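Open the model in your viewer and get ready to pick out residues one by one. Each stop below tells you what to select and what you will find there.

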Amino acid sequence: MVDARQISDQRLIKGARARATIARHAADVASAEGLTGLSLGKLATDLGVSKSGVATLFGSKENLQLAAVQAAREVFIEHVVTPARSEPAGMPRLRALVDRWFDYIGEPVMPGGCFRVATTVEFDSRTGPVRDAIDADRRDWFTLLEREIRRAQEDGHLAGRDAHSLAFQLDAVVAAANTGARIGDETALATARAIVDDLLAETPTSSV
C-alpha cells in the first residue's frame, strides 16, 4: 500500500531542492545583472525547467529576489565566515575574515563578484522587503566585524580605534577592490590588501 504521507514528504523534499537550486542560480545572475534583472522566464530557460514551475515555487518576482538574497548570504557565510571561525577570536579571526573576503572576490565565487556590494548599490535608495533584507545582511556583517575588532582591542591591538569606523573602512576598501577587479583593474586587489594591512597594523598596548 502506498504511504500518502511518504509521497507528500518526498514531494516537499524535491520542491525544497528545486527551490534551493533556482535561488542559488538567481543569486549568481543577480551578482552580475542585478536583482531587478531577474525574471522567472530567464531562470526557467537557464535551468531547463518550466516557467510555471518556477512561478509555483516562488509566487512572485519579489519572493525570488528575497530567495536570491538569502542564497547569496549562505554562500558568503560558507566561503568567508565559517572558515574564519576556526581562527582564535580577535585579531586572527578578523584578519581571516578579511582575507577570506579577498579570496571570495579575487577568484569570484559568483560571476559578478561580491553579491552584497552589487545589490547594496542597486537597492540603497529603494524601499521594500528586498532592500530591508539586503540592509539586514549588511548590518549583520558590520556587527561581526565590529565584534572581532573589539575582541582584538581586548587583547591590546588596535588601541584607540573606533570599532564601527574601522569596520566601515574595511568594508569600503574591500568593496572598492571588488568593483575595481570587476572592471579589470589589475592593481585593485593588491592595493586594497596593502591598505587593509595598514588599517590592521598591530599596535599592542604597552605595559608599564
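Predicted model: local features only at pLDDT ≥ 70, side-chain atom pairs only at ≥ 80, totals over all residues.

Residues are numbered from 1 along each chain as its sequence is written, and side-chain values use heavy atoms, with hydrogens and water left out.

**Stop 1: Glu-148**

Select Glu-148, which sits in helix H7, residues 129-154. Helices here are DSSP runs of H or I with at least four residues, numbered from the N terminus. Is Glu-148 buried or exposed? Glu-148 counts as buried because its relative accessibility is 1%. (Buried means under 20% relative accessible area, exposed means over 50%, and partly exposed lies in between, using a 1.4 Å probe and protein chains only.)

Next, show Ala-89, Gly-90, Arg-93, Leu-94 and Leu-97, which are in contact with Glu-148 when its neighbours within four places in sequence are left aside. Contact means heavy atoms within 4.5 Å.

**Stop 2: charged pairs**

Side chains of opposite charge can pair when their charged atoms come close. How many salt bridges does the structure hold? There are 14, a salt bridge being a side-chain nitrogen of Lys or Arg within 4 Å of a carboxyl oxygen of Asp or Glu.

Start with Asp-28 and Arg-24, whose salt bridge has its closest N and O atoms 2.4 Å apart. The two are about one helical turn apart, because four residues separate them in helix H1 (residues 4-33). Asp-28 is buried at 19% relative accessibility, while Arg-24 is partly exposed at 27%.

Move on to Arg-73 and Asp-137, where the side chains meet in a salt bridge of 2.8 Å, N to O. Arg-73 is in helix H4 (residues 61-84) and Asp-137 in helix H7, so this pair ties together parts that are 64 residues apart in sequence. Arg-73 is partly exposed, at 25%, and Asp-137 is buried, at 13%.

Then select Asp-99 and Arg-193, a salt bridge with its closest N and O atoms 3.8 Å apart. This pair links distant parts of the chain, with Asp-99 in helix H5 (residues 91-106) and Arg-193 in helix H9 (residues 188-199), 94 residues apart. Asp-99 and Arg-193 both count as partly exposed, at 37% and 30%.

Finally, highlight Arg-73, Arg-116, Asp-137 and Asp-140: salt bridges that share partners join them into one network.

**Stop 3: the cavity**

Which residues line the largest cavity? Select Ala-72, Arg-73, Phe-76, Tyr-104, Cys-114, Phe-115, Arg-116 and Asp-137. On a 1 Å grid over the protein atoms alone, a cavity is a set of points where a 1.4 Å probe fits but cannot get out, and lining residues have an atom within 4 Å of a point. The volume is about 40 Å³, meaning the space filled by probe spheres set on the points, with grid points joined across faces, edges and corners. H4 gives the most to this lining, with three residues.

How values were computed. 1 Å grid on protein atoms, 1.4 Å probe; cavity = no way out; pocket = protein on both sides within 12 Å on 5 of 7 lines; lining within 4 Å.
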